[in-house]
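Trainee: I would like to learn how to read side-chain features in a model. Can we go through them one by one?

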Amino acid sequence: MLPRMKKAITENPKKLSNLIDLVNLPSTLRDFLGQSQISHLGCFMRVWSYIKANNLQDPNNKNVVNCDDKLRSILLGKPRVELAELPTLIKLHFPKEPK
């Protein structure tokens, strides 16, 4: 394990647990993923796999995803999404944890 990653895990274990704990999914994500529970990280990985499998990255600019109808349903109806905003859009579907 990388020293930086190890340090991040030991300093803030709650942040890691938020990424890997299973969460009940809302209907839009449930329809897209075909699962009722998944972690934030698992969800992001499945969405990224879908993007790669369906060749949805813009050929001229790999930092942009051209959304098809199925992907648009979970990304707030946007036709094009920057890769940098993808985690934020996915995170909106997950319920906030009480502090």
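Mentor: Start with Arg-72. Its relative accessible area is 27%, so Arg-72 is partly exposed. Keep in mind that this is a predicted model.

Trainee: Which residue does the side chain of Arg-72 meet in a salt bridge?

Mentor: The general idea comes before the case. Side chains of opposite charge can pair when their charged atoms come close. Here the partner of Arg-72 is Asp-69, at 3.3 Å, N to O. Both residues lie in helix H5 (residues 69-72). They are 3 residues apart, about one turn of the helix. Asp-69 has a relative accessible area of 61%, so Asp-69 is exposed.

Trainee: How many salt bridges does a search of the whole structure find?

Mentor: The search finds 3. One of them joins Arg-80 and Asp-58, at 3.1 Å, N to O. This pair links distant parts of the chain, 22 residues apart. Arg-80 sits in strand S4 (residues 80-82), and Asp-58 in the loop between H4 and S3.

Trainee: Is Asp-58 buried or exposed?

Mentor: Buried, because its relative accessible area is 9% and the cut-off is under 20%. Arg-80 has 45% relative accessibility, so Arg-80 counts as partly exposed.

Trainee: What does Glu-85 meet in a salt bridge?

Mentor: Lys-78, at 3.0 Å, N to O. Glu-85 is partly exposed at 25% relative accessibility. Lys-78 is also partly exposed, with a relative accessible area of 29%.

Trainee: Now the rings. How is a pair of aromatic rings described?

Mentor: By the distance of the centres and the angle of the planes. A search of the whole structure finds 1 aromatic pair. The ring centres of Phe-32 and Tyr-50 are 5.0 Å apart and their planes stand at 70 degrees, so the pair is edge-to-face. Phe-32 belongs to helix H3 (residues 27-33) and Tyr-50 to helix H4 (residues 40-53). Both Phe-32 and Tyr-50 are buried.

Trainee: What lies over the face of Phe-32?

Mentor: Lys-70, at 5.3 Å from the ring centre.

Trainee: Which side chain makes a polar contact with the side chain of Gln-57?

Mentor: That of Lys-52, at 3.3 Å. A polar atom of the Gln-57 side chain also lies 2.7 Å from the backbone oxygen of Lys-62. Beyond four places away in sequence, Gln-57 touches several residues, including Trp-48, Val-64 and Leu-83.

Methods
Residues numbered from 1 in each chain as written. Predicted model: local features only at pLDDT ≥ 70, side-chain atom pairs only at ≥ 80, totals over all residues. Heavy atoms only, no water. Phe/Tyr/Trp six-rings, centres within 6.5 Å; stacked < 30°, edge-to-face > 60°. Helix = DSSP H or I, 4+ residues; strand = E, 2+ residues; numbered from the N terminus. Buried < 20%, exposed > 50% of the residue type's maximum accessible area, 1.4 Å probe, protein only. Lys NZ or Arg CZ within 6 Å of the ring centre and 35° of its normal. Polar contact = N/O pair within 3.5 Å; in protein donor to acceptor, adjacent residues only side chain to side chain. Contact = heavy atoms within 4.5 Å. Salt bridge = Lys/Arg side-chain N within 4 Å of Asp/Glu carboxyl O.
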